[in-house]
Amino acid sequence: METYKSDKVVIDHNIELIYSKLSNPSMFKEQMEKNMDRISDEARQHLDNLKFEEDGISINSPMGAVKLSVSESVAPNLVKYVAQSSPVPFGLTVNLESIDEEHTAAIAEINIELPLMLRAMVGGKLTEGAQKMGEVIAKLPYGEM
């Protein structure tokens with residue numbers, strides 16, 4: 001299994017709030033539906049490729065829509081998702097670390113099982129994908145939900 005990590009991003013909210021949203025996609029879905037008119041245009045752009053559902057998150061990717069379900073969570077530092085419908089086994093891990101009462105550091109990791117020949121061909125794209133996921137996690141409108 002190969003791991004591709006984002007840079008550490010800082011989120012301007014406390015760790016408990018972020019964890020509660022990321023570990024419970026159905027809560028995020030409900031809150032987004034209720035508050036969509038309050039979400040900034042910038043935040044909406046980052047949400048275009050994500051769809052929060054009752055039991056997981058769907059991501060529009062070059063492979064098509066991929067559904068991720070929460071497979072493990074350790075409050076308040078870790079949320080792991082595993083792909084339910086993907087041509088290759090993979091998962092997304094979000095590591096959270098409290099900086100202070102108002103700020104949280106996060107790193108997104110893509111964990112994927114690739115044949116050796118494909119690693120060289122798609123490794124750069126996966127690193128870019130992990131980086132983008134880190135950026136999206138940092139820009140989700142936690143406080144507006």
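Me: Is Arg 119 buried, exposed or partly exposed?
Reply: Buried means under 20% relative accessible area, exposed over 50%, and partly exposed in between (1.4 Å probe, protein chains only). The value for Arg 119 is 28%. So Arg 119 is partly exposed.

Me: What kind of model is this?
Reply: Residues are numbered from 1 along each chain as its sequence is written, and side-chain values use heavy atoms, with hydrogens and water left out. Local features need pLDDT of at least 70, side-chain atom pairs count only at pLDDT 80 or more, totals for chains, interfaces and linings use all residues, and the model is predicted.

Me: How is the chain built, read along the sequence?
Reply: Helices (H or I, at least four residues) and strands (E, at least two) are DSSP runs, numbered from the N terminus. The chain has four helices and eight strands. Their order is β-β-α-α-α-β-β-β-β-β-β-α.

Me: What share of the residues counts as buried?
Reply: The chain has 145 residues. The buried share is 42%.

Me: Which residue forms a salt bridge with Arg 119?
Reply: A salt bridge needs a side-chain nitrogen of Lys or Arg within 4 Å of a carboxyl oxygen of Asp or Glu. The structure holds four of them. For Arg 119, the closest N and O atoms are 3.3 Å apart, and the partner is Glu 2.

Me: How many residues apart are Arg 119 and Glu 2?
Reply: Arg 119 sits in helix α4, and Glu 2 in strand β1 (residues 2–5). The pair links distant parts of the chain, with a separation of 117 residues.

Me: Which residues does Glu 2 touch?
Reply: Glu 2 is partly exposed, because its relative accessible area is 25%. Contact means heavy atoms within 4.5 Å. Leaving out residues up to four places away in sequence, Glu 2 touches Ile 110, Asn 111, Ile 112 and Arg 119.

Me: Which strand holds Glu 109, the salt-bridge partner of Lys 5?
Reply: The closest N and O atoms of Lys 5 and Glu 109 are 3.8 Å apart. The two lie 104 residues apart, Lys 5 in strand β1 and Glu 109 in strand β8 (residues 103–112). Glu 109 counts as buried, because its relative accessibility is 14%. Its strand is β8.

Me: How far apart are the closest N and O atoms of Lys 80 and Glu 72?
Reply: Lys 80 is partly exposed at 29% relative accessibility. Glu 72 is partly exposed too, at 36%. They form a salt bridge, and the distance is 3.7 Å.

Me: How far apart in space are Ile 107 and Val 94, C-alpha to C-alpha?
Reply: Ile 107 lies in strand β8. At 24% relative accessibility, Ile 107 counts as partly exposed. Ile 107 touches residues including Lys 5, Thr 93 and Val 94. Ile 107 and Val 94 are 13 residues apart in sequence, and their C-alpha distance is 5.8 Å.

Me: How much space lies in the largest cavity?
Reply: On a 1 Å grid over the protein atoms alone, a cavity is a set of points where a 1.4 Å probe fits but cannot get out, and lining residues have an atom within 4 Å of a point. Points are joined across faces, edges and corners, and the volume is the space filled by probe spheres set on them. The search finds one cavity of 30 Å³ or more. The space in the largest is about 90 Å³.

Me: Which residues of the lining lie nearest the centre of the largest cavity?
Reply: The lining has 13 residues. α4 gives the most, with three. Nearest the centre lie Leu 50, Ile 57, Leu 92, Met 133 and Ile 137.

Me: How many residues of that lining are nonpolar?
Reply: Ala, Val, Leu, Ile, Met, Phe, Trp, Tyr, Cys and Pro count as nonpolar, Asp, Glu, Lys and Arg as charged, and the others, Gly among them, as polar. The lining has no polar and no charged residues. The nonpolar number is 13.

Note on methods
On a 1 Å grid over the protein atoms alone, a cavity is a set of points where a 1.4 Å probe fits but cannot get out, and a pocket is an open set with protein on both sides within 12 Å along at least five of seven lines; lining residues have an atom within 4 Å of a point.
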